Amino acid sequence: MSIQVKLKDIIEEMEIQFEESRSLLNIITGEIVLVTSEDLRAAEDEKPFDHLPEWEQENRMIAMDVVENFENYIELPTIYEVNEYEIMENFCLTVSDQRKQESLLRAIKGKGAFRRFKDKIIDLELEEQWYSYRDEQFKQIAIEWCQENNVNYIE
């Protein structure tokens, strides 16, 4: 495989995924595509789609290519492989100020943890540290994914 993919593109794609979608790298073109489960199902059904709006037709054509040429695609790390809660928890443990660390760890317990955590890092003025930590974690996941799949990447 001689394509080169920008790490930044992989990371951005990992950040915008949602539950009913899959991000895939086309190993022939180097293009990263996002397809919804709905488009993949429709592509497999092979129902006509020329009545759909242009953007939906484009999405459907991408999904059809994924279905027909699946061997040309590798799935990027999914939202399940990028455990953002774990990243958040590990960040809390890197905070050296004991009082701030305990406050953050309390914030991430139970329902609403992400929202409370975001509020707390603003209160404690740790926002910049959090985002650089999170970016570094996403970068590591992307690098490991590239290495596991023999994908050449550029930073």
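Tutor: This is a predicted model, where local features need pLDDT of at least 70, side-chain atom pairs count only at pLDDT 80 or more, and totals for chains, interfaces and linings use all residues. Residues are numbered from 1 along each chain as its sequence is written, and side-chain values use heavy atoms, leaving out hydrogens and water.

Student: What distance separates the end C-alpha atoms of helix H7?

Tutor: Helices (H or I, at least four residues) and strands (E, at least two) are DSSP runs, numbered from the N terminus. The expected span is 1.5 Å times one less than the number of residues. H7 has 22 residues, 127–148, so it should span 32 Å. The end C-alpha atoms agree, at 32 Å.

Student: Which residues of H7 are buried?

Tutor: Buried means under 20% relative accessible area, exposed over 50%, partly exposed in between (1.4 Å probe, protein chains only). The buried residues pack against H1, S2, S4, H4, H6 and S5, with contact meaning heavy atoms within 4.5 Å. They are Trp130, Tyr133, Arg134, Phe138, Ala142, Ile143, Trp145 and Cys146.

Student: How many disulfides are found in the whole structure?

Tutor: Cysteine 146 is buried, at 0% relative accessible area. A disulfide needs two cysteine sulfur atoms within 2.5 Å. The search finds 0.
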